[in-house]
Amino acid sequence: MRLQFLAACAVLAGLAACSPKPADTASAPTRIYSVQEVMKAVVAPSSAAVWKSPEWMNNPDGPQPDAKTKEADWQALRAGGVALAESTNLLVMEGRLTVQPGVKLEGEGQQGNLTAVEMDAKIKANRPQFIKHARALQDAARETVVAIDKRSPDALLEAGGKVDEACEACHKAFWYPGAP
Ligand code: HEC
C-alpha cells in the first residue's frame with residue numbers, strides 16, 4: 001500500500017496531491033470563543049447592520065439621496081446580511097463552548113431562564129435541533145441578501161422579520177424556555 005502510495009505520488013509529483021494530511025490540518029477551523037461571545041461580537045452586530053435601513057427606505061418623503069449614496073447604503077446592508085449568514089457557520093462548529101466557564105447568561109436566575117450549565121447540557125443533548133435553528137437563521141439571512149440584491153425594501157422587511165423569528169426561536173428553546 002505504502003509503495004503504491006509513493007508510486008502514485010511520483011506520478012502526481014508537483015501537483016501537491018501527495019500531502020493531503022498537512023494541508024487538511026492547516027485549513028481545519030479553530031474554535032476560539034464561546035457561542036455567547038460569537039453572539040455578541042458577530043451575530044448581533046451583523047443582524048443590526050442588516051436592520052439598519054436608511055431613512056430614505058422607510059420614509060418616501062424623507063431624504064432623497066443621490067444614486068451613489070443609495071448604492072453605498074445597499075452595499076452596507078448587504079455586508080450585514082453576508083456576515084449574518086456566515087456567522088451561523090461559526091455557531092454550529094463542533095465542540096464550541098456555549099459559555100466560558102464561570103460566565104453567566106444574561107438574565108440568569110430570572111424565572112424561566114436556564115443557567116449556563118443547563119443551557120450547555122441542553123444544547124449538547126439536542127444538537128440537531130440547535131443546528132436546525134442556526135440553519136433557519138442562515139436561510140433568513142440569505143433571504144435578506146436576495147432582497148437586497150433585488151433592491152427591494154419590502155422583501156428586505158419580510159426577510160428581516162424571518163431573521164427576528166429565527167433569533168427568538170433559538171433563544172426560546174435554549175436560553176429562556178420557561179419565560180412568559
Ligand atoms: C442557534 C441558536 C441561536 C440563534 C439562531 C441565535 N442565538 Fe443568540 N444566543 C444563543 C445562545 C445559546 C446564547 C447564549 C445565551 C446568553 O448569552 O445568555 C445567545 C446569546 C445571545 C446574545 C448575548 C446575550 C448575553 O449574554 O449578553 C445576544 C445579544 C444574542 N444572542 C443575539 C442574537 C441575535 C440578534 C440573533 C439573530 C440574528 C441570535 N442571537 C440568534 C443562541 C442563538
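This is a predicted model: local features need pLDDT of at least 70, side-chain atom pairs count only at pLDDT 80 or more; totals for chains, interfaces and linings use all residues.

Trainee: At what angle do H3 and H5 pack?

Mentor: About 155°, with the two axes 7 Å apart. H3 and H5 are therefore roughly antiparallel to each other, as angles over 145 degrees count that way.

Trainee: Which residues make that contact?

Mentor: From H3, Val-35, Val-38, Val-42, Val-43, Ser-46, Ser-47, Ala-49 and Val-50. The H5 side includes Ala-76, Leu-77, Gly-80, Gly-81, Leu-84 and Leu-91.

Trainee: And by class, what is in the contact of H3 with H5?

Mentor: There are 13 nonpolar and five polar residues, and no charged ones.

Trainee: Let me back up. What elements does the protein chain have?

Mentor: Eight helices and zero strands. From the N terminus on, the order is α-α-α-α-α-α-α-α.

Trainee: How much of the protein chain counts as buried?

Mentor: 21% of its 180 residues. As for contacts with a separation of 6 or more, 70% are between residues 24 or more positions apart.

Trainee: Which H5 residues are buried?

Mentor: Leu-77, Gly-80, Gly-81, Leu-84, Ala-85, Ser-87, Thr-88 and Leu-91.

Trainee: What do they pack against?

Mentor: The buried residues of H5 pack against helix H3 (35-51) and helix H7 (127-149).

Trainee: How do H5 and H7 cross?

Mentor: Their axes come within 9 Å and cross at roughly 160°. That makes H5 roughly antiparallel to H7, and the crossing is left-handed. By class, eleven nonpolar, four polar and two charged residues make up the contact of H5 with H7.

Trainee: Which residues meet there?

Mentor: Among those on H5 are Trp-74, Leu-77, Arg-78, Val-82 and Thr-88. H7 brings Ala-134, Leu-137, Gln-138, Ala-141, Arg-142, Thr-144, Val-145 and Ile-148.

Trainee: What does Leu-77 touch, leaving out residues up to four places away in sequence?

Mentor: Val-50 and Ile-148. Val-50 is one of the H3 residues in the contact with H5, and Ile-148 is among the H7 residues that meet H5.

Trainee: How far is Leu-77 from Leu-156?

Mentor: They are 79 residues apart in sequence and 9.8 Å apart in space, C-alpha to C-alpha. Leu-156 is in H8, and is among the residues there that meet H7.

Trainee: Then how do H7 and H8 cross?

Mentor: The axes of H7 and H8 (residues 153-174) come within 8 Å, crossing at roughly 165°. H7 and H8 are therefore roughly antiparallel to each other, in a left-handed crossing.

Trainee: What is the class count for the contact of H7 with H8?

Mentor: It has 17 nonpolar, four polar and two charged residues. The H7 residues include Phe-130, His-133, Glu-143 and Ile-148, and the H8 residues include Lys-162, Cys-167, Cys-170 and Phe-174.

Key. Residues are numbered from 1 along each chain as its sequence is written. A residue is buried if 20 or more other C-beta atoms lie within 10 Å of its own, exposed if 12 or fewer, and partly exposed in between; C-beta atoms are placed from the backbone. Helices (H or I, at least four residues) and strands (E, at least two) are DSSP runs, numbered from the N terminus. Two residues are in contact if their C-beta atoms, placed from the backbone, lie within 7 Å. Axes are lines fitted to C-alpha atoms, for helices over the stretch in contact, and angles run from 0 to 180 degrees between N-to-C directions. Angles under 35 degrees count as roughly parallel, over 145 as roughly antiparallel, 65 to 115 as roughly perpendicular and the rest as oblique. A crossing is left-handed if the near helix is turned anticlockwise from the far one by less than a right angle, and right-handed if clockwise. Ala, Val, Leu, Ile, Met, Phe, Trp, Tyr, Cys and Pro count as nonpolar, Asp, Glu, Lys and Arg as charged, and the others, Gly among them, as polar.
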